[in-house]
Protein chains: 2
Amino acid sequence: MNHHELLRELQLKNNSKIVLLVADGLGGLPVTPGGQTELETAKTPHLDALATRGVLGLSTPVVPGITPGSGPGHLGLFGYDPLEFRIGRGVLEALGIDFDLGPDDVAIRGNFCTLDAAGKITDRRAGRIASDIGKKLCEKLDKIEIPGVEIFVRPVKEYRLVIVIRGKGLGGSVNDTDPQKTGVAPLVPQGRDAASQKTAEIAKQFLAKAKEVLKEDHPANFFTLRGIDKRPAIPTFEEVYGLKAGAIAVYPMYRGLARLVSMQVLDAGQTLDDQCARLEQAWNDFDFFFMHYKYTDSTGEDGNFAAKVDRIEQLDAVLPRITALKPDVLVVTGDHSTPSKLKSHSWHPVPTLLFADSCRPDACTKFGEASCLQGGLGQFQAKYLMTLAMAHAGRLEKYGA
Amino acid sequence: MNHHELLRELQLKNNSKIVLLVADGLGGLPVTPGGQTELETAKTPHLDALATRGVLGLSTPVVPGITPGSGPGHLGLFGYDPLEFRIGRGVLEALGIDFDLGPDDVAIRGNFCTLDAAGKITDRRAGRIASDIGKKLCEKLDKIEIPGVEIFVRPVKEYRLVIVIRGKGLGGSVNDTDPQKTGVAPLVPQGRDAASQKTAEIAKQFLAKAKEVLKEDHPANFFTLRGIDKRPAIPTFEEVYGLKAGAIAVYPMYRGLARLVSMQVLDAGQTLDDQCARLEQAWNDFDFFFMHYKYTDSTGEDGNFAAKVDRIEQLDAVLPRITALKPDVLVVTGDHSTPSKLKSHSWHPVPTLLFADSCRPDACTKFGEASCLQGGLGQFQAKYLMTLAMAHAGRLEKYGA
């Protein structure tokens with residue numbers, strides 16, 4: 001029995017509130033020998049006060065040494081094993097533009113490209129056309145109709161687009177048509193099973209019509225298809241935990257990931273203050289809130305140590321608005337580390353703080369990586385964080401007699 | 001999806017070098033209450049300097065409480081789940097005498113025994129004959145020919161020998177012929193499937209000829225067959241990690257274990273200095289080096305605390321030759337603990353040091369068991385050590401977007 005089956009069996013209802021506050025890419029590294037990480041450098045009086053009364057630990061998003069993208073990172077935090085549930089590239093791209101993907105949708109990443117008179121690719125990115133050109137081309141392509149299905153074409157940025165084919169019985173196992181080189185024609189879509197063959201046939205019809213529509217639009221006179229996939233069949237948050245969950249995330253990707261586990265996505269505004277206001281307003285309507293803060297990751301990706309420190313301090317500053325609501329369980333963590341030293345996501349375990357009345361306190365008085373290493377949660381797999389939150393919320397029955 | 005499938009998918013190539021230095025049986029125990037372990041007692045300035053800048057932890061070779069032999073211990077360090085990949089006794093015995101086992105080989109441990117006139121065993125170890133007698137008998141047996149296969153007979157020590165049957169389509173699932181008692185005849189080999197029945201038939205023919213060859217060689221006038229098995233079907237190091245790996249091990253068993261995962265076995269000489277010289281010479285030819293040091297285990301097995309301390313200090317003394325090569329990742333660990341207090345392998349977790357530029361430093365300044373318990377790697381399964389090494393070498397792509 002895996003832990004999801006256990007949770008379905010043991011979940012209880014009560015009036016408790018759980019807040020999962022995700023500071024994206026929270027974990028870091030010192031940049032000088034003997035130095036401190038971003039989180040350790042930041043002045044975080046409110047987080048430190050919570051750390052003193054709560055319990056700390058370090059979470060491993062996937063397995064030791066594996067660096068997760070945002071998809072696996074968040075699935076782990078939501079309690080889904082990221083090696084069991086995989087999110088295809090096309091699906092992530094669709095989530096990233098806030099497209100509300102349904103279970104009958106096949107999502108595809110598209111790249112505008114340039115074809116020569118012989119139909120061979122001369123530029124796999126169509127000269128990196130401007131976003132407004134891509135947008136206009138997508139509007140034209142969106143008008144194409146294929147009997148029996150709905151097709152949505154949406155711009156992403158520059159030469160990138162998303163195509164969604166919606167229809168019953170379509171498979172998501174179709175090859176990329178991008179040949180990964182120039183001087184050859186795009187590949188022909190082929191399904192790897194009967195249902196996917198149906199998808200491939202529709203894709204072929206769509207591509208034929210699209211070629212006609214774009215024929216005068218040099219350099220973006222065609223496009224390739226990549227990362228074709230369907231949403232993973234994923235149990236809902238409500239099924240697994242019995243929680244009514246609301247997501248308060250500014251960036252589309254994270255709203256999309258929340259939608260993937262069937263959280264209700266709320267209007268988050270643009271700032272932390274907007275997010276807190278939404279949390280206050282929605283407080284009585286949900287059992288669980290996922291609140292996402294992007295800038296600890298983006299500053300890490302930029303390699304900007306000082307800016308990441310600032311962003312952490314800004315997050316600390318709004319914490320009193322969250323604690324004023326008296327959540328029964330408040331978790332502060334990240335979906336992975338993004339050390340500004342590495343300018344990228346990393347595999348280092350993620351500082352995690354859990355605050356609840358039922359915590360067994362550890363000796364930690366500061367929220368930081370070194371302190372978390374001494375924390376009462378130890379080093380644990382991210383997928384168990386929700387189980388711990390449920391326990392501290394009094395929402396789990398005893399297992400066995 | 002298991003972590004091997006993940007690694008195959010995520011592996012990247014670059015110019016980094018990884019060194020895995022295995023001090024066999026490194027972990028220990030204090031012999032007096034409040035005392036220190038062998039590693040803690042040893043003066044190890046170079047290891048301590050690495051510990052200060054790197055990250056420590058304790059590795060669990062199999063699962064908590066399980067004491068591994070050298071086979072499972074090393075498979076774990078090489079990143080292979082020792083509960084998934086099992087090495088038969090015959091195979092291990094063949095590896096231990098440096099026999100280069102191929103995928104078509106069935107390896108068998110033999111014990112010379114004494115038969116009476118009625119064909120019943122009177123001594124299961126043939127009076128523990130001297131090694132030079134065993135050697136001569138093996139030379140005679142090695143001349144036996146069976147049509148359709150090659151047979152190799154090699155001495156091990158005293159009454160012990162190795163038989164290898166090489167041929168297409170031979171199975172490894174054949175019973176021991178040793179009845180585990182005297183006063184009865186050896187058992188008849190029986191295959192548990194069609195391919196193994198073929199092996200059993202060849203074994204029977206070989207035993208019949210052998211009985212004739214040995215009939216005048218009392219007390220060693222026959223032998224029993226044990227631990228019949230083939231090499232496990234094990235993915236190569238190159239497949240799993242994309243690493244070109246060289247093994248620098250003095251003892252045959254460890255060369256054999258390295259060969260099992262398709263490392264290239266280099267001439268290691270006899271001493272640590274020989275091994276370091278080989279490492280220096282081969283530095284540009286490999287991505288990964290496995291260097292094995294036996295004496296921390298053998299002194300532990302002898303129950304000689306002081307000698308084990310000495311051997312650890314000798315290892316520490318050569319470290320500068322390794323670090324002078326500037327490996328991107330240097331791991332120092334053991335395949336299991338061998339506390340001199342217990343005079344045997346044990347289940348205690350193994351002190352582990354990982355040094356790389358991308359380490360998140362912990363507060364540890366000394367390489368020892370108590371210190372490792374506070375280390376940033378925490379307590380982890382040995383099978384993830386290679387994943388961590390790959391991550392620190394920049395050889396793993398992000399998982400998911």
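In this predicted model, 26 aromatic pairs are counted over all chains. One of them joins Tyr251(B) and Tyr295(B), and this pair is edge-to-face because the planes of the two rings stand at 75°, where an angle over 60 degrees is required. The ring centres of Tyr251(B) and Tyr295(B) are 6.0 Å apart. Tyr251(B) belongs to the loop between β8 (245–249) and α9 (252–260) of chain B, whereas Tyr295(B) belongs to helix α11 (residues 295–301) of chain B; the pair therefore ties together parts that are 44 residues apart in sequence. Tyr251(B) is partly exposed, its relative accessible area being 31%. Tyr295(B) is likewise partly exposed, at 21% relative accessibility.

In chain A, ring pairs also link several residues into a cluster, which consists of Phe78(A), Phe237(A), Tyr241(A), Phe288(A) and Phe290(A).

The ring of Tyr251(A) has the charged end of Lys294(A) over it, 5.9 Å from the ring centre. In chain B, the charged end of Lys17(B) sits over the ring of Trp283(B), at 6.0 Å from the centre of that ring.

The relation between the chains was also examined. Two copies of a chain are related by a rotation about an axis and a shift along it. Chain B is superposed on chain A by a rotation of 124° with a shift of 0.2 Å along the axis, and the RMSD is 0.2 Å. This is the relation of a three-fold axis. The copies use different surfaces, as 4% of the contact residues of chain B recur in chain A.

Technical notes
Residues are numbered from 1 along each chain as its sequence is written. Chains are lettered from A and ligands numbered from 1 in the order in which they are written. This is a predicted model: local features need pLDDT of at least 70, side-chain atom pairs count only at pLDDT 80 or more; totals for chains, interfaces and linings use all residues. Side-chain values use heavy atoms; hydrogens and water are left out. Copies are superposed by least squares on the C-alpha atoms of residues with pLDDT of at least 70 in both. Contact means heavy atoms within 4.5 Å. Rings of Phe, Tyr and Trp (its six-membered ring) pair if their centres lie within 6.5 Å; planes under 30 degrees apart count as stacked, over 60 as edge-to-face and the rest as tilted. Helices (H or I, at least four residues) and strands (E, at least two) are DSSP runs, numbered from the N terminus. Buried means under 20% relative accessible area, exposed over 50%, partly exposed in between (1.4 Å probe, protein chains only). A charge sits over a ring if NZ of Lys or CZ of Arg is within 6 Å of the ring centre and within 35 degrees of the ring normal.
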